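Reader: Can you walk me through this one? I'd like to start with the sheet.

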Amino acid sequence: MQPDQPPPPGSMLAGWKRRWIGWRNGVIGNSRFQRWAAANPLTRTIAQRRAGGLFDLVAGFTYSQTLSAAVESGVIELLAAGPVSLADAGKRCGLSEEAAALLLRASAAIDLAQEVEPGVWMLGQQGAALRGNAGVLAMIRHHRLLYADLADPLALLRRERSSPTALSDFWTYAGEPDPAARDDCNTRAYSELMASSQAMVVEQVLAAYRFDRHRSLLDVGGGYGVFATAVAAAYPALNTGIFDLPDVLRHHAGESTPVSRQAPTLHPGDFFRDPIPTGYDCISLVRILHDHDDAPAADLLSAIHESLEHGATLLIAEPMAGTRGARKMGDAYFGLYLWAMRSGRPRRADEIGAMLNRAGFRDWRRVATDLPVITSLIVATA
């Protein structure tokens, strides 16, 4: 049993766990205990922390909307240039001074901004970290679609997954089985979003895995080539290729990518309809598998296994469910995001491992990454 897995149902350990959780919940939910814990000097800090955590759950949507407003209004970019007065911030962002003060104070509460002297503002620590991350900024702007779909989350969960949503209209590759029917503008939009947000994943994978054991790498669903060309820049002797939809690869030449020994070989095609290109001893799936439901995901793994020679490698890099230290991202964020997208789901590492075994891979292992909230990594051997 892996550390992140629950004990088997019906086991003695599972029974004790259920009884312990029932007793714990009864104590924590008791109002008299809550008042005692808040008043007791020995437990007050814990009670305050838990109360703060509960309130964060209640008010968390306002934090995300504050973040969205700070990015969309230009407040983050404005404060990054240096100290700004309240009046100037309002003028530059198209807000009244009163509204600007509200936004800046709300931003300061979540560490996006900081008042360095009365009426003068600069970036806070989280704002400074955000300012340098183009991929996260792109995702924050993209989230307006997710906000629209989550306006009534229960209605979203109750509707059939075939019903259209703002996200399913955006991610047309997931919902439209016919490549000829996909909208080229949307294809470019989602490819640009994937490219802008992939640098974080590249950094994590390169820190966790050495590619000098391979001769060649094919990035399946590789879009504009951010991953493949970054790996090639770090390993100049590696030959790289990208397999993606013709509409995506048609825009590839116009995108700026890291300099490598040679440009990646472009293989236009649909990995659900066309054979996976052969001749590569390593294939990568970067944030691809979780975008698809179980049946097509299993078909893709089988097709990749068929294209690889004995002993070749498959890398799967994506956020995974049940990951210690990243459960909020893997299960809550991507659980709802992919449901709204109407395709795919976050999977635990052992679920992916079972799919790999059924597809014919001999073995698989999980490779630790520094920031599993960004991506986890599985390496499988054909």
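**Sheet and cores**

Author: β9 and strand β10 (residues 376-381) pair in the antiparallel sense over 5 bridges. Two strands count as paired if DSSP finds at least two bridges between them. Helices (H or I, at least four residues) and strands (E, at least two) are DSSP runs, numbered from the N terminus.

Reader: Which residue does R366 stand opposite in β10?

Author: R366 faces I378 there.

Reader: Before we go on, what kind of model is this?

Author: This is a predicted model: local features need pLDDT of at least 70, side-chain atom pairs count only at pLDDT 80 or more, and totals for chains, interfaces and linings use all residues. Residues are numbered from 1 along each chain as its sequence is written, and side-chain values use heavy atoms, with hydrogens and water left out.

Reader: Fine. What is the strand order in the open sheet?

Author: The 7 strands run β6-β5-β4-β7-β8-β10-β9, with mixed pairing. The edge strands are β6 (265-268) and β9 (363-367), each pairing on one side only.

Reader: How is β7 paired with β8, parallel or antiparallel?

Author: Parallel, over 5 bridges. S284 stands opposite L315 in β8. β4 and β7 are also parallel, over 3 bridges, and V220 has L285 as its bridge partner in β7.

Reader: How many residues of β7 are buried?

Author: 5 of its 5, where buried means under 20% relative accessible area (1.4 Å probe, protein chains only). C282, S284 and V286 lie on one side, I283 and L285 on the other.

Reader: Which residues have the most contacts inside the largest nonpolar core?

Author: L285, L314 and I316, in a core of 28 residues. A nonpolar core is a set of buried Ala, Val, Leu, Ile, Met, Phe, Trp, Tyr and Cys residues joined through side-chain atoms within 4.5 Å. The largest share, 5 residues, comes from α18.

Reader: What does L314 touch?

Author: Not counting residues up to four places away in sequence, L314 touches I283, L285, L301, I304, L356, F361, I378, V379 and A380. Contact means heavy atoms within 4.5 Å.

Reader: Changing topic: why is helix α14 called largely enclosed?

Author: Because 7 of the 9 residues of α14 (residues 226-234) are buried, the helix is largely enclosed by the rest of the structure. Among the buried residues are V226, F227 and V231.

Conventions: Buried means under 20% relative accessible area, exposed over 50%, partly exposed in between (1.4 Å probe, protein chains only).
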